[in-house]
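My notes follow in the order in which I made them.

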Amino acid sequence: MSENSSETRSKRHMGTIVIEGSSILLDINHGDRFTFARAHTSSMVKLGNVKCSLAPLIGCPFGSIFEVSKDPKGPHLVQVSQDKEIQSSNCNKTEVHGVEELDICSDRDNRDLIDDNTAQSLSELEISYMRRDGASGTKIVEALIANSASFQNKTTLSQEKYKRKKQKKHAPRIVVRCPSARSICEAYFTKEPSKIGYLRMDVLALLLSLANVGANADVLLLDELGGFLTAAVGERLGGFGTICSTYCASKVPSLGMLGLFNFTPCTSSSIFCAPLFELIQARSSISTAEGNHEVSAKGHSSTEADLHSTVLPESPLTALLPEQQTKIAGSLLDESEKILLVKGAQLETRMSKSLKASLIDSSIGFPVRVEMAAQEFSCSYQLNGEIEFPNQCTVDAKSQLQTFSLETDNLVGEGSIATVGQLDVDSQTHQLQGEIKNRTNCGFKGTDDMVHTATNAESKHDSQDKSLRAGRRASANQVAYWGRHGFSSLIVGAPEMDPLSVCKRMLPLLSPSAPFVIYHPYMQPLAECMHHLRKERMAVNLQLSEPWLREYQVLPSQTHPHMQMSSTAGFCLSGKSLNFSSTCFPYHEREL
Amino acid sequence: MLGVPRDQRTESAECLIREGDVVIVYERHDRMKQATVCKGKEFQNRFGVFPYCDWIGKPFGSRVVGKKGIGFVYLLKPTPELWTLVLSHRTQILYVADISFVVGFLEIGPGKVVLESGTGSGSLTTSLARSIAPLGHVYSFDFHELRAEAAREDFKRNGLGSLVTVAVRDIQGQGFPEDLVGRADAVFLDLPQPWLVIPHLGRYLEGNVPLCSFSPCIEQVQRTCEALTSNHFTDIRTFEVLLRSYDVRTQTFGSLSMTGVKEEIAAENLSQVRKLSGQKRGRDGLKQTEPLVMQGHVLTTEEVTNGKECIPALSSSSDIGLSKNPENTGVERNSSERIVARPYPETRGHTGFLTFARQGSNLN
Ligand SMILES: C[S@@+](CC[C@H](N)C(=O)[O-])C[C@H]1O[C@@H](n2cnc3c(N)ncnc32)[C@H](O)[C@@H]1O
């Protein structure tokens, strides 16, 4: 017990302090704006019209509050105490959402208030002098209050509002948060929900529960939300279990959001990616061996027969991509896999030629977007001996999703620092170059903790990087393991996919009785999917549900729901897979 | 074991049912029970009799048929979500919407230490245990001795015994035990008067540790928030979470004709349909069928699957869009069949409010 808890303590400590290289989320004025950044002594953040170094943040606990001090040395961030903050923070939500406040509990009212700015005797010029002389934002706000003729006549609530308004303008509060699935989800949902597929934090939490994500799970994901779901699962598993983010052969996923998290090496190393056909093949070879192929071919699973009779071009494995062929030949793949790979590559070449069609069927039956940049295709087939999957150099040209890619020069700006909302984080080029060297891939965040724990961190970095990188390509052994056991959970977040086609391919990859959950922005495709799963007896415990969330302002005599409530949460279809081989004859047949 | 799948697996086999396992017996979507596998005994329900020895060695997710081929059920592996649906209610419990939000918002993960009170029926505790496994721990307190004991037994039966400690204690009166000071990563309260505990929580929550309190009534929330504010908590936020479930089925809809149909025929057919479908329901009393909705007819999945669709025959081919029996008319009856969804009328509404807060990190 005591061992357990001491380990817990140290782990918690690691996660609570900002260290050099930490990914951080800056929450400005309580949700007004959010900015992601990486804490380097040399990086700068732009706050309104000033730039400040992030150096003062390093060594502070997450949750620390800063404001900008503009003394003669130039603007810089200074930590402010919690106590100052508390007065205003608790009743801040109304302001955040721009809701006009009712004032039902006061004998004072605003009938005599004239909002013509004459009440303030402090001029703009005087304020700028104060600032030049190094007055803190808080000082300025205090001066403004002292010089306001109308302040004392305001209702308590209006006073509070006045203070907050001035504070936002003259002393913006910056809370340093640790980017977690929840905080990232909330930041994106508030500012740019489309980038996480309108996934609200309650929905995310629901997905993780319904999919039974917990230690030692083997979780399969179809994540077309930039890797956000994959990362959230990674965070929840904390390195216990395995995670496989899969994709159609022709659609390389962007898992860029993994880079926003401060994962431990252990967590990073549990996150893999693998193309769907490989998983299907590994699984179906098992079920064939067990003599179940009759059942699975009967419409439950996509088998090899299925895979081979597709829209693939007829041409043999020739001319098109000789380079890949040689590389593939040297790899661990077996014969049929090689065929598939090359065929897939040919298909893609064909696709990139026919950019006009917006949707076609790929070799494994998914609709595939063809608007992707051609370079993406070339990336996806740079299979070398190690089967290194280059997901991190993928340019997601289709969407404006920030990829946070770290290896492509022209993406460096977004790569190091992703901004949600209006704030930008400026980074100087030379720092960035240094950074790129350090973090050759997504795994860099895993190495952060290593810096923290290991003394000879720098040298360790490079040697361990590869085996630790989150989202790296799963080895053949790993794929075979999943094939043998089946995954213990499935989460699908693919707003542009047809859920039924996803289920048909992916449910057979699960071990029987495994929970699955599909998130979709539209209800109808899920309803149809549910109907068919039920009809074909592919799953039980099916539930189609719509999550609903409402936040409340709770204040003495002023409790009410927040007025801006999101109505676009999407829908979840959940269920449990069945043991296909034992829904078996004769009963199975009789029922159909 | 709930939620910790891999330990059980051997290299070669799927997850097979063994003597002593807890199994979720799935009868229908709204009907599940728990059972503990015990050789020599039988599971009985209104569909049939199922000897447990038939289950042993089968993978979870299998369908088993009752004695003499009568009745069938599916055997599911327990998850905290399923457990919440089958546990014996010794108190009001939390459901998946609130539970998932609590776990997500408190950011509970492997290795964390969570303090909880009261334990109640253990619905939330089971999910907390899944999330902190395999290294963390849940310390759960209830002042009701029998409830605590029953919960303890449930956790043990589900293989969570080593992850959860249930103790009998009046948390509102005594607060959490002294030896847990500084060890918690999250605190959860489901107590009638949480504001009595809040003033004493400070030392348990040092280091930006989050707190959540669940209360059904807004007056409780009000007092809780006042206590939080006066005890210098920050990030105080209150939420209500709901989950609306949808019923999915197929339905045919009539379409209004613009051409060529005499109104009399239409009227005639309509009355015929009503009559026949009335008979049909009488005959099929047990079956889940839906009444006629205007001219349409609702098909349950069972009906579709069994292929014994029971839309009455219509000899005349009117195009007011009534469902037609393929045998009699040769017209594709599915032509106007749609898959539709609507919320269940009995969806559970408000269960309570969740209030979160943190003790601010102090400057040193
Ligand atoms: C509504 S139940 C909790 C349900 C639980 N969250 C679940 O999901 O199953 C509330 C529990 O708190 C316990 N309780 C009430 N007052 C208490 C106190 N002062 N100290 C400890 N437990 C208390 C009750 O005995 C009851 O079992």
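I took a salt bridge to be a side-chain nitrogen of Lys or Arg within 4 Å of a carboxyl oxygen of Asp or Glu. The model is a predicted one.

Entry 1, the interface. I looked up A:Glu551 and B:Arg237 and found their side chains joined in a salt bridge, at 2.8 Å from N to O. The rule gives five salt bridges across the interface of chain B and chain A. I also noted 21 residue pairs in polar contact there, both residues at pLDDT 80 or more. On the side of chain B that touches chain A, strand E12 (residues 233–252) of chain B gives the most, with 17 residues. I sorted that side by class and got 43 nonpolar, 26 polar and 21 charged residues. In contact are 90 residues of chain B and 90 residues of chain A. The two chains bury about 7,700 Å² between them, with 52% of it on carbon and sulfur atoms.

I found B:Glu19 in the segment before strand E1 (22–28) of chain B. Leaving out residues up to four places away in sequence, B:Glu19 touches B:Val37, B:Cys38, B:Lys39 and B:Ile56. A polar atom of the B:Glu19 side chain lies 2.9 Å from the backbone nitrogen of B:Lys39.

Key
Residues are numbered from 1 along each chain as its sequence is written. Chains are lettered from A and ligands numbered from 1 in the order in which they are written. This is a predicted model: local features need pLDDT of at least 70, side-chain atom pairs count only at pLDDT 80 or more; totals for chains, interfaces and linings use all residues. Side-chain values use heavy atoms; hydrogens and water are left out. Contact means heavy atoms within 4.5 Å. Buried area is the accessible area (1.4 Å probe) that two parts lose on being put together, summed over both. A polar contact is a pair of N or O atoms within 3.5 Å; within protein, one must be able to donate a hydrogen and the other to accept it, and residues adjacent in sequence count only if both atoms are side-chain atoms. Helices (H or I, at least four residues) and strands (E, at least two) are DSSP runs, numbered from the N terminus. Ala, Val, Leu, Ile, Met, Phe, Trp, Tyr, Cys and Pro count as nonpolar, Asp, Glu, Lys and Arg as charged, and the others, Gly among them, as polar.
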